[in-house]
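Colleague: Could you take me closely through a single part of this model, with the cut-offs behind each term?

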Amino acid sequence: MDSDKISQNPDAMLVGAYAQLKAWSDPMHRAGEYAGDNMMIRGSSTDAFYEFISYSRTPNNGRLSTFWNSSYKAIAQASNIIKLVPESKDATTDNQLGEAYFIRGMMYFYLVRAYGRPYYQSPETNLGVPIVNGTPDNVFGDLNLPDRATVKDTYAQVIADLKKAESLLTLGKTSIYGTKEAAQALLSRVYLYMSGTYESPNAEYARLSVEYADKVINSNRYTLLTRDQFMRYNTFKPEDNKETIFAIKRVASEFSGYDHYYGIGGMYSNIGGMGWGEMYASAKYIDLLNETGRNDWRPDNYKIVDARAAFIAPTYRKDAKTGAYTEVFRFIKQDPKSGELNYAQDTVIRSGGTIQAKEGSANYTLTAVNASQGTYSINYKDGKTYHGVLDYFITLNRVYPQFYIIKCSKEGEESQLHSPLISRLGEVYLNRAEALAKLGRYAESLVDLNKIRTRSIENGAYASMTAANAKTYIDKERQLELAYQAERSYDVFRNGDPLTRKYPGPQTQTEVVAPTDYRVVYYIPQDAINSYPGTLTQNPTK
């Protein structure tokens, strides 16, 4: 487009910047979620995303290239609007400029958290990403772009852009556009990422996280959904959802047919014959859901204790002849040779008040832990006692029960349609709860935390919060609440914690990924380095 046309009508380029977010949001989600501990995969894969799960980082990853390229295309388009469109022309134009600043700030933040080390680790010297704001004037000449800025300077760029967006965004558009509150919600998270660890917090950044969370909450533009509504969060269109602050809009007309296989939800489930359904809720996440009481997903005995369990949908198998379910005792056992954990689903035999689990030729009498909830223990042949549940047989994929995840599916229809969620009011309350705890304001933190917890678990409020338990409580609620929103792995490492995935799955179950491990950050795509007009420093290889 001619620069004159852009300056007179920035809307076309702004629509193009938003359009980049559709391609961007797919690898963004996978890089953030697959590297965490909320999910497991049925086996190894030749897809580039398997590197996110296995931590076998390489610089030649097509999905990371899409993430990088789409980010910088959006940055370039937003920056060109900023360069070519004069400010203070009218409210509409200023709002469009604000949206451009919002998009650019968001892109830099998501880039630096993927390619730059956690902020508490020497941000003055660790490298973030190149700051290249728009098409250079000498693009056809002797172009030499800057190397990666430091993590500190990249965050400064993020903050400057989002604050400028905050000042320009006045029109209060819906949640599929950048708004003042969307910029403020992201700033609450950015400052939280800068607020240090619980053991060594940065009070100023924690205070700023609280300040920006306050702005969003006090705007009264958003409302926490009721428990029943929240359990259907994924089914609402983002612009119709009272809790959603910003989401990347998808529409059925441009996301249909086999697109449903390759969308985010397509790996987590198969709905209406669409989707690979190869990744499932991890046993670690299911245990968290069941911590205050067993969630029973059986169709004829459906009972959800923690509302967040509504986003899990096991694939119960019916007998082909009788149409009946097969009752089993499902537990996790440890292989005596390899030490790996795996599921067992043993057929249940009932005789009077005695319940046995049949495995091959062996019958094991079960001992009730909580008979009303169907939880029992088994004294197994390896000499260990395991705990499990009476349930129906769940279809296996390879050797793993299919605990489908539907949080990224079913938007407005029975399909894999999903508008990736960037921010919502529930997260903002959690941001404020953590920041308040890092400031030692535990009573206030507890109020925010319980607002989220009791929405999902009736009568589940924490009684008190202290320095001794704040981290445990807050991190648990963030994991439960923000699962499958691409937050988990970053939340673990930014607070100086290791990641462990000791649960059934092909991942290395005994591995502990330290927050200082070189694999916590991704490699800069090699094709980006090869084509870069200037030096583009790669992340360390060990």
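Modeller: What follows is a close look at one pair of helices. The model is predicted, so that local features need pLDDT of at least 70 and side-chain atom pairs count only at pLDDT 80 or more, while totals for chains, interfaces and linings use all residues. Residues are numbered from 1 along each chain as its sequence is written, and side-chain values use heavy atoms, with hydrogens and water left out.

Helix α2 spans residues 11-33 and helix α4 residues 62-84, helices being DSSP runs of H or I with at least four residues, numbered from the N terminus. Their axes come within 8 Å and cross at roughly 155 degrees; axes are lines fitted to C-alpha atoms, for helices over the stretch in contact, and angles run from 0 to 180 degrees between N-to-C directions. Helix α2 is therefore roughly antiparallel to α4, a term for angles over 145 degrees. The crossing of α2 and α4 is left-handed, meaning that the near helix is turned anticlockwise from the far one by less than a right angle.

On the α2 side, the residues making the contact (heavy atoms within 4.5 Å) include Met-13, Leu-14, Gly-16, Trp-24, Pro-27 and Arg-30, and among those of α4 are Arg-63, Phe-67, Lys-73, Gln-77 and Ile-81. By class, this contact of α2 with α4 holds eleven nonpolar, seven polar and four charged residues, where Ala, Val, Leu, Ile, Met, Phe, Trp, Tyr, Cys and Pro count as nonpolar, Asp, Glu, Lys and Arg as charged, and the others, Gly among them, as polar.

Technical notes:
Helices (H or I, at least four residues) and strands (E, at least two) are DSSP runs, numbered from the N terminus. Angles under 35 degrees count as roughly parallel, over 145 as roughly antiparallel, 65 to 115 as roughly perpendicular and the rest as oblique.
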